[in-house]
Amino acid sequence: MKICRLIVIICMSLLVGQIAAQDFSNKGKDFWLVFPPHQPSQNRLASLSVYITSDKNSTGKIEYNGTVQTFVVTANQTTEVILNRTTSYISGSEAATITNQSKIVSNRGIKVTVDAGQPAVVVYAHMFAGARSAASLILPTPVLGKTYYAISWTQTSSGIASGENALSQFSVIATEDNTSLRINLKRNGVATASPILVDLPKVGDVYQFQDAQDISGTLIESVGVGTNLCKKIAVFSGSSSLGIANTLTGAGNSIDPLYQECYPINSWGRKYGITPFRGKNRLNYRIIASEDNTTILTNGGNPFVLNKGSVYTQFSDQNINNTFKAPLIIEADKPISVSQFSLTQTQDIGQGDPDMILLNPVEQSIRDITVFLSPKQAITDQNINVFIKNAGTSITSFKIDGVIEPSTSFIAIGNSGFSYLQKQFIVGSTSSSSIRLTSDSGFNAICYGFGDFESYGYSAGTNVIDLNPPVTVQNDYSATNVSYSATCTNSPFKITLSLTYQPEKFVVDFNGVAGINDPQPFPYTPIVTGAKPNKYDSTYISNGKTYYLYRIPKSYIFSAGGTYPVKITTTTTSPQSDGCSNTNDQEITDNIFVNAPPKADFAISTNGCVNNAIALTDLSDGVGRPLV
């Protein structure tokens, strides 16, 4: 039994490491993105490039609206693919508005797919034209979610050029057929009376919404309708054009797009670092709360409280509660989202124009990423900022393209335990550069470029882990849970469920999948046990919330490796409004990752029971040598 437990522990450790590295980061094999409306500057229309990189050689294709383009990636280099504007671009005339809410755009989602058997890649998108640029990290489909908040800025430009308006906007892409949306729209912080309900019938369909007012704080959800479950969606938000000043009502007087892919709220964290742009005196930032009564501290100053969907705006050139300016440490007792903005060139020193970067929390840090820096269309100042812990070997092991960065390059942020790096790079005027960032410990980073009345910026990379996954696995040979839904072949396991409410009933359904000992739905009504009158097994607090832990009292066994979908339906005494249900039932979907156990490179020799020792033979070299 001890050997069985050891093998299970090794198997689970290997599998969890594999899942964390591949399935919950921005590296993947399947991606969705969009080319949203933009207002041309002096009639210069933007193009959209897709930059693809990997730590291994890889190949794949990009498909959109009848167009197919292939790509080849060389390890630790970036490959640029310029899309066909005619078939990829979504115009403002195709967008839904407050007076025409039901318009959708068919088959305009852009899909990036790695060829079968090829290594995973990292994808970025870059909109570029003279005096207008924007870029975004692109998330792989497996880490997409079902609930998002849009983010933008106050619309201070309203001119028209080439038929496009300067408008706040968001885009939603269906990753599966029969996707239904519920959108609680906010316009300049004021919620509209009724939600927008939209159906996207086909995979790749896009809901493009534009408004003359700021849509920040708009709640976008995938919902279940009838027999259709809620589906994962990709969400982008920003603006087709605006100016940004050091006040919300400042003119800005620029024509620049904001373009960022939004992160699902289940991946939001509680601690963020904001680092200043090199060569600039100012930046603006915004915070969105995902829950009511969220308490927030900035550099340890006086706390303030935000409610669900509320947007807090601050300017680094203005004094805040404790007179601190960037760099900033932002902490909250519940999950938040933080975005950083650069200003119109006339509102700050140096060159550059408006841009928006959605920051990643400390909880979603990375260790190894290859990024791109592009000169398009007229970017002359290329930079990377790194936000990193002081502890351990985080700084001393940090490398750029394999070369240790001197620790003296990092600037300590007070006594916060973090430091930051601003690094300028020289990029040729005709081609992009690939930069690899690595460290033994986690870090966060942003990439950005400035030119004369032009800029772009994006998050270098991130994990997109559900920081409070509802479904986890407890192996029958172990007393602890695995923090992912992962198990091994022929190893019995139980499903555990963490919920913020107390249901009356569970139904576990593997949808009739083959390879499991019991694929049929398993109805289970909790039974009061011990001294727990509310039927849950235990409670814990995470991200400021109380969670109730339930263990389903049935063991499952998979006979073959693979990824197996599971649906768990909970029934409560009050209606749920999680985005996937409008009834007393909530449907929770997840995947169980099943891997084969590790192959042992030793043999056990014994002729029966032994008291003190077992003879072990090393088989790793194919010869067989005694192990001492």
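Q: How many disulfides does the structure hold?
A: In this predicted model, the count is 0.

Q: Why is Cys262 called buried?
A: Its relative accessibility is 1%. Buried means under 20%, so Cys262 falls on the buried side of that cut-off.

Q: And what makes Cys447 count as buried?
A: Here the relative accessible area is 0%. That value is also under 20%, so the label for Cys447 is buried.

Q: Why is Asn65 called partly exposed rather than buried or exposed?
A: Asn65 has a relative accessible area of 30%. Buried would need a value under 20% and exposed one over 50%, so 30% belongs in between. You will find Asn65 in the loop between β4 (58-64) and β5 (67-73).

Q: What makes the phi of Asn65 worth a look?
A: Phi is near 50 degrees, which is a positive value, and the residue is something other than glycine.

Q: How do you know that Asn76 is partly exposed?
A: Its relative accessibility is 25%. With the limits at 20% and 50%, Asn76 therefore counts as partly exposed. Asn76 sits in the loop between β5 and β6 (78-82), and it has a positive phi of about 60 degrees although it is not a glycine.

Q: What is the peptide bond from Lys376 to Gln377, cis or trans?
A: The bond is cis, with omega near -5 degrees. Gln377 belongs to the loop between β29 and β30.

Q: Which residues touch the most other members of the largest nonpolar core?
A: They are Leu33, Ile62, Phe170, Tyr207, Ile287 and Ile384, in a core of 121 residues. The element that gives the most to this core is β35, with 8 residues. Another core lies apart from it and has 26 residues, among them Ile495, Leu497, Tyr550 and Ile592.

Q: What does Ile287 touch, leaving aside residues up to four places away in sequence?
A: Its contacts include Ile296, Phe304, Leu306, Tyr312 and Val338.

Q: How much space lies in the second largest pocket?
A: About 610 Å³. There are 27 lining residues, and the closest to the pocket's centre are Ser365, Ile366, Arg367, Asp368 and Asn463. Two or more lining residues come from each of α1 (2-22), β29 (366-373), β30 (379-389) and β35 (433-451).

Q: How does the lining of the second largest pocket divide into nonpolar, polar and charged residues?
A: The lining has 10 nonpolar, 11 polar and 6 charged residues.

Technical notes:
Residues are numbered from 1 along each chain as its sequence is written. This is a predicted model: local features need pLDDT of at least 70, side-chain atom pairs count only at pLDDT 80 or more; totals for chains, interfaces and linings use all residues. Side-chain values use heavy atoms; hydrogens and water are left out. On a 1 Å grid over the protein atoms alone, a cavity is a set of points where a 1.4 Å probe fits but cannot get out, and a pocket is an open set with protein on both sides within 12 Å along at least five of seven lines; lining residues have an atom within 4 Å of a point. Grid points are joined across faces, edges and corners, and a volume is the space filled by probe spheres set on the points. Helices (H or I, at least four residues) and strands (E, at least two) are DSSP runs, numbered from the N terminus. Ala, Val, Leu, Ile, Met, Phe, Trp, Tyr, Cys and Pro count as nonpolar, Asp, Glu, Lys and Arg as charged, and the others, Gly among them, as polar. A nonpolar core is a set of buried Ala, Val, Leu, Ile, Met, Phe, Trp, Tyr and Cys residues joined through side-chain atoms within 4.5 Å. Buried means under 20% relative accessible area, exposed over 50%, partly exposed in between (1.4 Å probe, protein chains only). Contact means heavy atoms within 4.5 Å. A disulfide is a pair of cysteine sulfur atoms within 2.5 Å.
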